[in-house]
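Biologist: I'm new to this one. Can you put it on screen and walk me through it?

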Amino acid sequence: ADTIAEWKKQGYSEAIAAHYDRVEIVGSPRVFDARREYQMPRAVGEKVRYCGYICKPRSPRSLASVRQELGLGEGDRFVLVTAGGGEDGFELMRTYLAGLGGARQPERVKTLMVTGPDMPEAQRQELGAIASTLPEVTLQIFAPDMAGYMQAADAVVAMGGYNTVTEILALGRPGAIVPRIRPVTEQWIRAERMEKLEVLRAVHPDELTPDRLMEVLALQLDPARQYRCREGAIDLNGLPRLAQHLAALMASRPVRVRDRARTPNNAGAIAVPQPLPA
């Protein structure tokens with residue numbers, strides 16, 4: 001509702017209708033159809049094209065080399081816990097550590113926790129003190145090969161940022177996502193919709209407890225019950241498809257350089273990440 005009101009106030013739909021040929025949305029209508037959700041006028045909705053999500057490249061390292069680096073033996077399960085930059089990841093990580101100390105902790109699990117460089121030092125020290133009492137937990141500030149660790153993970157516990165979520169999906173890892181809900185609810189919208197598609201599991205931060213997090217983690221560690229992105233479940237070809245769309249648009253509407261200032265609507269396109277705050 002807030003986004004609809006803002007678009008009306010700023011006249012965004014009128015500007016798109018007047019000055020752009022195409023709206024490229026970096027996402028999937030299966031997750032969030034901006035045309036319907038934002039009540040786009042027909043003149044704008046007809047210009048929308050969905051590209052799919054944009055993902056980072058895979059790590060060049062082999063799974064065996066990553067597991068060897070992490071000291072994982074045969075039969076060990078590995079959980080990666082990441083909070084992105086870390087400025088607001090303390091509660092997630094403290095809850096995870098509390099869960100490992102409870103009755104619901106999974107068996108034969110080794111954990112790497114990456115706090116991120118922006119976590120306040122006092123919070124990092126508090127987590128380090130707790131982690132030091134748990135022999136199967138390693139805590140570090142930065143991961144030089146996050147993609148490699150994610151590829152090797154049996155499950156990933158993370159917040160719900162765009163890059164983190166799309167990386168989990170692209171690698172087909174079982175994700176347990178605890179999104180932030182302030183200052184906007186973008187992460188929760190994306191995580192909740194994707195859980196309905198059974199490509200990850202989401203925990204609302206207001207419902208985050210050690211037992212609840214361990215319950216979801218246990219589901220994601222169980223091959224028979226886990227949610228993960230299987231081939232074709234979500235469109236993850238955003239970058240090449242966006243390039244294709246723009247190339248086709250430019251080819252269909254050739255523009256002379258000297259005309260651009262006079263005709264801003266010629267072959268114009270706007271790329272929109274998705275979902276936007278709602």
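Modeller: Helices (H or I, at least four residues) and strands (E, at least two) are DSSP runs, numbered from the N terminus. This is a predicted model, where local features need pLDDT of at least 70, side-chain atom pairs count only at pLDDT 80 or more, and totals for chains, interfaces and linings use all residues. Residues are numbered from 1 along each chain as its sequence is written, and side-chain values use heavy atoms, with hydrogens and water left out.

Biologist: OK, what's the strand order in the open sheet?

Modeller: The order is β5-β4-β3-β6-β7-β8, six strands with parallel pairing. At the edges sit β5 (137-140) and β8 (201-202), each pairing on one side only.

Biologist: And how many bridges join β3 to β4?

Modeller: Six, between residues 77-82 of β3 and residues 109-114 of β4, and the two strands run parallel. Val81, for instance, has Met113 in β4 as its bridge partner.

Biologist: Which strands does helix α11 touch?

Modeller: Helix α11 (residues 210-221) packs on the sheet and touches β3, β4, β6 (155-158), β7 (175-177) and β8. Its direction makes about 150° with that of β6. Contact here means heavy atoms within 4.5 Å. Axes are lines fitted to C-alpha atoms, for helices over the stretch in contact, and angles run from 0 to 180 degrees between N-to-C directions.

Biologist: At what angle do α6 and α11 pack?

Modeller: About 80°, with the axes of α6 (residues 90-100) and α11 8 Å apart. That makes α6 and α11 roughly perpendicular to each other. The cut-offs are under 35 degrees for roughly parallel, over 145 for roughly antiparallel, 65 to 115 for roughly perpendicular, and oblique for the rest.

Biologist: Which residues make that contact?

Modeller: From α6 you have Leu92, Thr95, Tyr96, Ala98, Gly99 and Leu100, and from α11 Pro210, Leu213, Met214 and Leu217. They divide into eight nonpolar, two polar and no charged. Nonpolar covers Ala, Val, Leu, Ile, Met, Phe, Trp, Tyr, Cys and Pro, charged covers Asp, Glu, Lys and Arg, and the others, Gly among them, count as polar.

Biologist: New topic: how many aromatic pairs does a search of the whole structure find?

Modeller: Four. Rings of Phe, Tyr and Trp (its six-membered ring) pair if their centres lie within 6.5 Å, and planes under 30 degrees apart count as stacked, over 60 as edge-to-face and the rest as tilted. Trp7 and Tyr12 are edge-to-face, because their ring planes are at 90°, with centres 5.7 Å apart. Ring pairs link Trp7, Tyr12, Phe32 and Tyr38 into a cluster.

Biologist: Is Trp7 buried or exposed?

Modeller: Trp7 counts as buried, at 15% relative accessibility. Buried means under 20% relative accessible area, exposed over 50%, and partly exposed in between (1.4 Å probe, protein chains only). Tyr12, at 37%, counts as partly exposed.

Biologist: And where is Arg124 found?

Modeller: In helix α7 (residues 121-131). Arg124 counts as buried, at 11% relative accessibility. Leaving aside neighbours within four places in sequence, Arg124 is in contact with Thr115, Gly116, Pro117, Met119, Leu139 and Ile141.

Methods
Pairing = 2+ DSSP bridges.
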